[in-house]
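Subject: Structure handover

Hello,

Here is the structure I said I would pass on. My notes on it follow below.

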Amino acid sequence: MECTELASSIVLVSGGLKGAVAAARYASDDELILLHANYGQPSWSAQADAVRSLAGTFQAARVLSVDLPHLSQIETQFDEGPAAQAGSEELRAPSPTMPP
């Protein structure tokens, strides 16, 4: 029995330009899966529309939407925790400095 593997790519997209470019990069694979996450963001509906539209531009693309409600709980912890009270400086990477 011969085993034939199909090349599949999963691209995490939110409906913006970066995801569209990444999807185009892998669109030649046998199957392109556009993974869209709903973590309670206010723009989810508009993002979902954009992802569906993006999928329509590729022959072998399909959309996989996942609900990740626990991520909004993590965001709430950051909003209420000591880092938020301290201005969230602990969560930010230092800004690069430009030479004069």
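Which elements cover the buried residues of α2? Among them are α1 (17–26), β2 (31–38) and β3 (61–67). Please keep in mind throughout that this is a predicted model.

Helix α2

The helix covers residues 44–55, which makes 12 residues. At 1.5 Å a residue it should span 16 Å, and the distance between its end C-alpha atoms is 16 Å, so expectation and model agree. Its buried residues are Q47, A48, V51, L54 and A55. Viewed down the axis of α2, these buried residues fall within an arc of 120°, so they line one face of the helix. A46 and S53 are exposed, and they sit on the face turned away from the buried side of α2.

Salt bridges

How many salt bridges does a search of the whole structure find? The search returns two.

One of them joins the side chains of E31 and R62, at 2.7 Å from N to O. E31 belongs to strand β2 and R62 to strand β3, so this pair ties together parts that are 31 residues apart in sequence. E31 has a relative accessibility of 25% and therefore counts as partly exposed, the range for that class lying between 20% and 50%. R62 is partly exposed as well, with a relative accessible area of 45%.

An α-helix has 3.6 residues a turn, so residues three or four places apart point the same way. D49 has a relative accessible area of 42% and is partly exposed. R52, at 48% relative accessibility, also counts as partly exposed.

Nonpolar surface patch

Which residues form a nonpolar patch on the surface? They are Y39, L71 and I74, and together they have about 230 Å² of accessible area. L71 is placed in helix α3, which runs over residues 70–80. With a relative accessible area of 33%, L71 is partly exposed.

That is what I have on this one.

Regards

Terms used
Residues numbered from 1 in each chain as written. Predicted model: local features only at pLDDT ≥ 70, side-chain atom pairs only at ≥ 80, totals over all residues. Heavy atoms only, no water. Helix = DSSP H or I, 4+ residues; strand = E, 2+ residues; numbered from the N terminus. Expected span 1.5 Å × (residues − 1). Buried < 20%, exposed > 50% of the residue type's maximum accessible area, 1.4 Å probe, protein only. Arc of directions from axis to C-beta. Contact = heavy atoms within 4.5 Å. Patch = residues over 30% accessible without salt bridge, like charges linked within 9 Å, V, L, I, M, F, W, Y side chains within 5 Å. Areas by Shrake-Rupley, 256 points an atom, 1.4 Å probe, with all protein chains shown as cover. Salt bridge = Lys/Arg side-chain N within 4 Å of Asp/Glu carboxyl O.
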